[in-house]
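Here are my notes from a pass through the model, as numbered points. Have it open beside you while you read.

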Amino acid sequence: MTDLVPQDPLANLPAELRPLVQDVESFVSHSLSRNTLRAYSSDWRDFTAWCDQHDQRPLPASPATVALYAAHLVRLGRKASTIDRRMSSIKHFHRWASFSESPTDTTEVETVLRGVRRTIGTAQHGKAPATTPTIRQLVDACPDSLMGLRDRALLLVGFAGAFRRSTLVALNVEDLSFQHEGLVITLRKDKTDQEQAGREIGVPYGSTPSTCPVRTLKRWLEQSRITEGAVFRSFTPKQALQPHRLSPEDVARVVKRHCKTAGIDPKEYAGHSLRAGFVTAAALAGVQERIIAEQTGHESMRVLRKYIRKGTLFQENAAAKVGL
């Protein structure tokens with residue numbers, strides 16, 4: 001992602017400083033998550049291509065150019081969240097080019113974006129949360145095979161740990177510590193922990209052996225003979241275990257595959273359904289927000305409450321108390 005590094009200031013460096021350029025580029029590439037860098041680069045390519053097509057200057061872009069680009073995105077049917085991210089990408093590249101101001105921060109563009117949000121709305125339509133009954137159905141739908149055992153472990157650990165897809169597939173055997181009370185998982189890096197301070201997640205033994213995440217994970221590691229490296233690995237079409245780590249997209253495929261087998265609409269669920277389902281199930285069980293956040297790693301209670309609100313619409317509902 002070296003295209004995110006401003007090149008001009010480095011072009012005329014003294015020879016003795018040039019070896020440090022690579023270090024600078026490396027530090028820049030680690031300043032944001034890989035997914036964010038990839039998204040910014042993709043957004044910038046789209047913006048510059050649009051500018052080239054319409055004879056507009058992308059850097060520095062005028063407020064009018066950015067406002068027109070936002071209108072173009074609306075006509076393409078892009079969501080408000082996507083347009084906001086495109087604006088963040090444009091701002092990012094202007095800052096890296098050492099421009100003191102970004103056109104996205106001007107009153108003109110901010111006014112247009114407020115109008116965009118009011119016109120197309122900002123409501124996000126996410127996938128359904130996979131709560132405990134749904135998880136039980138998915139686990140029961142897994143076949144009695146080594147691949148089925150991997151999927152059961154993936155579903156149960158992903159749910160009980162409230163993991164993001166990327167965090168779940170990044171787990172290594174070295175991150176696991178099986179103890180008397182359950183499983184301690186050390187997260188070396190997470191979306192909200194980009195500086196890798198690390199944190200520990202506790203996953204207790206389940207009350208039902210067939211849906212116990214700790215027992216199921218231990219059985220998966222034993223039968224797969226995985227003793228180091230990636231915990232969740234891929235299989236060939238003929239179900240031969242591979243050394244390769246699963247991708248975040250594979251988590252969604254596992255969820256959808258077993259939804260279909262269980263007779264559940266797979267369009268309603270995805271990989272994030274495990275994390276959202278844990279939050280919803282915990283809230284329904286009366287667990288305090290603070291305790292839920294300790295498991296999920298949410299830094300924003302506002303974001304956490306979105307999950308809780310969706311899952312508890314009929315709990316303590318005022319309309320249920322008015323005698324209709």
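1. How close do the axes of helix H4 and helix H6 come, and at what angle do they cross? Bear in mind that this is a predicted model. The axes of H4 (residues 63–75) and H6 (residues 107–120) come within 9 Å, and the crossing is at roughly 10°. Angles under 35 degrees count as roughly parallel, and H4 and H6 are therefore roughly parallel to each other.

2. Now the residues behind that contact. From H4 come Pro-63, Ala-64, Val-66, Ala-67, Ala-70 and Val-74, and they meet Glu-108, Val-109, Val-112, Leu-113, Val-116 and Ile-120 of H6. Sorted by class, the contact of H4 with H6 has eleven nonpolar residues, no polar ones and one charged.

3. Next pair: helix H8 (residues 146–160) with helix H10 (residues 213–224). Their axes lie 9 Å apart and the packing angle is about 145°. The crossing of H8 past H10 is left-handed.

4. Who makes the contact between H8 and H10? On the H8 side you'll find Leu-146, Leu-149, Arg-150, Arg-152, Ala-153, Leu-156, Val-157 and Ala-160. H10 brings Pro-213, Thr-216, Leu-217, Arg-219, Trp-220, Gln-223 and Ser-224. By class, the contact of H8 with H10 splits into nine nonpolar, three polar and three charged residues.

5. On to the strands. There are three of them in an open sheet, ordered E1-E2-E3, with antiparallel pairing. From one strand to the next, the twist averages 20°.

6. A closer look at one pairing in that sheet: E1 and E2 (residues 182–187) run antiparallel and are joined by three bridges.

7. Last, the aromatics. The count comes to six aromatic pairs, taking ring centres within 6.5 Å as the cut-off. One to look at is Trp-44 with Phe-47: the ring centres are 5.6 Å apart and the planes are at 45°, so this pair is tilted. Trp-44 and Phe-47 are both in helix H3 (residues 34–53), and being three residues apart there, they are separated by about one helical turn.

Note on methods. Residues are numbered from 1 along each chain as its sequence is written. This is a predicted model: local features need pLDDT of at least 70, side-chain atom pairs count only at pLDDT 80 or more; totals for chains, interfaces and linings use all residues. Side-chain values use heavy atoms; hydrogens and water are left out. Two strands pair if DSSP finds at least two bridges between them. Helices (H or I, at least four residues) and strands (E, at least two) are DSSP runs, numbered from the N terminus. Axes are lines fitted to C-alpha atoms, for helices over the stretch in contact, and angles run from 0 to 180 degrees between N-to-C directions. Angles under 35 degrees count as roughly parallel, over 145 as roughly antiparallel, 65 to 115 as roughly perpendicular and the rest as oblique. Contact means heavy atoms within 4.5 Å. Ala, Val, Leu, Ile, Met, Phe, Trp, Tyr, Cys and Pro count as nonpolar, Asp, Glu, Lys and Arg as charged, and the others, Gly among them, as polar. A crossing is left-handed if the near helix is turned anticlockwise from the far one by less than a right angle, and right-handed if clockwise. Rings of Phe, Tyr and Trp (its six-membered ring) pair if their centres lie within 6.5 Å; planes under 30 degrees apart count as stacked, over 60 as edge-to-face and the rest as tilted.
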